[in-house]
Amino acid sequence: MELTVGAVQFFWKPEFWAQFHADLADAPVDRVVLGELVCSKRLPFYQDLIPEAVATLQAAGKEVVLTSLALITLRRERKLMAELAEMGVEIEINDLTALAYLPEGTAFSVGPLVNAYNEGTLAWLAARGATRISLPPELPLGSIRVLAQAAKALGVQIEVWGHGRLPLAISGRCYHSRLYGRPKDNCQYACEEDPDGRPVETLDQQPFLAINGVQTLSDTHACTLNQIDALRDAGVAALRLSPQSQRFADLCRIYRAMLEGSVAPEAAIAQLTALTPEVRLSDGFIDGARGVAWSVESTA
Amino acid sequence: MEIVCPAGTPAALRAAVKAGAHTVYCGFADETNARNFPGLNFDRDEMRDSIAFAHDHGAKVLIAINTYPRAGDEALWHRAVADAAKCRADAVILADIGLLAFAHQNFPELRRHLSVQAAAANADIVNFYGRTFGVKRVVLPRVLTVPEIAAINAETEVETEVFVFGGLCVMAEGRCSLSSYATGKSPNMNGVCSPASHVEYHEQDGQLDARLGGYTIHRVGKGEPAPYPTLCKGCFSAGSKTGHLFEDPVSLNAEALMPQLQKAGVTALKIEGRQRSVSYVSQVVRNFRAAVDALDAGRAMPEGMLVRLSEGQANTTGAYRKTWR
């Protein structure tokens with residue numbers, strides 16, 4: 001199985017963003033998706049850094065892919081998509097709108113925020129040029145298996161959400177702005193204060209979600225270390241690791257060791273927990289009763 | 001403008017038609033539709049008879065088949081499309097591109113609308129659905145302002161339909177898995193959101209907690225009305241702030257914006273609420289029909305007629321006004 005690093009979901013300071021991508025050149029990953037996924041207002045702050053990051057990663061032998069926005073509404077966002085399609089780098093669509101700008105016959109990837117739930121959609125996307133589909137994170141193992149088998153016949157690679165806070169929803173409304181009582185147009189980039197999202201608790205102080213501008217994420221970090229054999233057996237070609245601001249390179253190394261079989265799941269999970277002890281894990285979308293469930297806890 | 005009214009049961013459909021609905025939308029009693037609630041929706045015979053009743057009264061019926069077919073079980077959704085054609089539905093409302101491709105190929109004469117669950121939010125994607133799958137109408141997601149809706153209509157021949165009344169999604173529709181994260185049941189896969197099967201009320205120390213999937217997201221004093229714990233309208237804390245971080249427990253009422261929506265080139269106004277009672281449906285439909293008729297005749301619209309019927313008595317015009325964002 002391959003490791004893909006997903007697009008950064010958060011708003012990071014430009015120098016941090018640049019360093020993160022420069023460091024990925026040395027990380028044991030195969031593919032890197034970069035660009036702005038969540039909010040078009042963030043892009044001008046680091047847009048100029050993208051070509052250099054692409055060049056550095058390509059020189060290091062990584063496959064490099066540019067993401068579309070997850071929700072395209074404004075004219076300027078549509079123009080951005082048109083420009084993206086002309087950059088000569090493979091595109092990962094995360095809103096079907098991006099297809100309107102990809103000439104028929106252009107190969108592309110499909111990101112986790114496009115609703116690819118079944119064989120019919122898979123076949124249609126493959127016929128349109130999709131070569132890799134990163135499945136919606138809420139899909140259970142049964143669906144993953146059916147889709148991975150169908151994809152094989154179509155020459156499409158299936159990727160699943162491997163690690164990181166789950167992207168649960170996208171909205172027209174900015175929750176960081178709302179938190180500060182500001183209109184979205186005058187958000188003052190409040191989301192920049194939370195490089196891994198702003199934690200949201202229930203009324204019983206249970207950690208539950210995380211706010212990231214117009215996006216809502218899970219509090220738990222999805223983790224597939226305990227699912228790798230099942231996913232490999234299902235025919236999954238790649239795992240997606242979603243960037244986090246702390247200890248990401250170490251995280252990539254743990255997953256790589258796991259894929260190479262040089263460490264057992266229990267030991268890998270113990271290493272991960274030692275790395276970021278404050279993080280809660282989940283893998284319930286894959287085989288639990290609900291997304292937040294964690295297979296290790298329930299079997300303990 | 002056409003009004004498109006909800007019907008969760010044959011009785012509600014008849015009531016909506018009698019109250020003046022131009023069009024009624026409904027679904028089969030299974031997971032193919034996004035209001036897959038116990039006791040709701042139509043079996044095949046009821047659907048056929050209800051459509052005949054509507055047609056006899058000059059009304060149209062649209063069948064929502066707007067969940068995302070489950071891998072390995074697509075036949076259930078394909079059968080729903082075939083049966084919609086057999087029942088002589090005026091259109092099907094679809095969200096999944098695989099299902100759109102299936103309907104386009106196998107039932108080209110069956111009119112196709114794009115469900116709000118596909119969240120098509122700009123003119124490029126609206127035209128894409130029109131061109132690729134012969135979609136004749138798109139139900140726009142509740143993330144757009146009125147000027148943005150006008151701009152879409154200026155760039156497309158595809159008809160647009162917008163929600164004007166009832167429950168309100170805060171997230172882009174069909175792109176939210178908050179519910180399956182907390183309960184295992186999702187709108188896209190199961191046709192339910194924040195399902196009643198996962199709701200618990202817990203009373204302690206004079207307080208009533210409402211929980212969904214074990215998460216306490218509402219707390220009221222004893223005797224106060226407790227809103228239904230829908231995830232995106234729950235009460236949460238982030239740092240020092242506690243409140244309705246995503247949305248207040250409000251429902252959509254855009255009746256005051258109807259003249260602007262008409263000017264924006266909208267073809268049809270949609271009322272949410274297939275889970276609502278017959279009397280609710282009749283009253284809302286009657287009021288909206290009167291408002292549309294007044295608008296079409298150039299008369300002033302009756303004001304504030306629907307406020308009493310709203311969830312929790314609080315209303316919003318949602319994303320239609322830019323300040324909502």
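## A tour of chain B

Start by selecting Lys222(B): at 59% relative accessibility this residue counts as exposed, where exposed means over 50% relative accessible area, buried under 20% and partly exposed in between, with a 1.4 Å probe and protein chains only. What you have open is a predicted model in which local features need pLDDT of at least 70 and side-chain atom pairs count only at pLDDT 80 or more, while totals for chains, interfaces and linings use all residues. Residues are numbered from 1 along each chain as its sequence is written, chains are lettered from A and ligands numbered from 1 in the order in which they are written, and side-chain values use heavy atoms, leaving out hydrogens and water.

**Salt bridges**

The term stands for a side-chain nitrogen of Lys or Arg within 4 Å of a carboxyl oxygen of Asp or Glu. Glu203(B) sits in strand E9 and Lys222(B) in the loop between strand E11 (215-221) and strand E12 (236-238), so the pair ties together parts 19 residues apart in sequence. Helices (H or I, at least four residues) and strands (E, at least two) are DSSP runs numbered from the N terminus. Glu203(B) is partly exposed, at 48%.

Next, pick Glu2(B), Arg111(B), Arg137(B), Glu159(B), Glu161(B) and Lys270(B) together: salt bridges with shared partners join them into one network.

Then move to Arg44(B) and Asp83(B), a salt bridge at 2.6 Å, N to O. Here helix H2 (residues 44-56) supplies Arg44(B) and helix H3 (residues 74-86) supplies Asp83(B), 39 residues apart.

One more pair to show is Asp73(B) with Arg70(B), at 2.8 Å, N to O. Over all chains, the structure holds 44 salt bridges.

Select Cys169(B), Cys176(B), Cys193(B) and Cys232(B), where UniProt, in an unreviewed entry, places the feature "binding site". They span 64 residues in sequence, yet no two of their C-alpha atoms are more than 10.3 Å apart, so they gather at one spot. UniProt positions follow the numbering used here, feature names are shortened, and annotations may be inferred rather than shown by experiment.

Zoom in on Cys169(B), in the loop between strand E7 (159-166) and strand E8 (171-176); this residue is partly exposed at 31%. Cys193(B) lies in the loop between helix H8 (187-190) and strand E9 (199-204) and is partly exposed at 39%. Not counting residues up to four places away in sequence, Cys193(B) touches Ser179(B) and Pro187(B), with contact meaning heavy atoms within 4.5 Å.

**Two domains**

Finally, colour chain B by domain: domain 1 is 2-168 + 250-324 and domain 2 is 178-243, with bounds from an automatic or database domain assignment. Their contact takes 11 residues from domain 1 and 7 residues from domain 2, and their C-alpha centres lie 27 Å apart. How many salt bridges does the rule find across this interface? The count there is 0.
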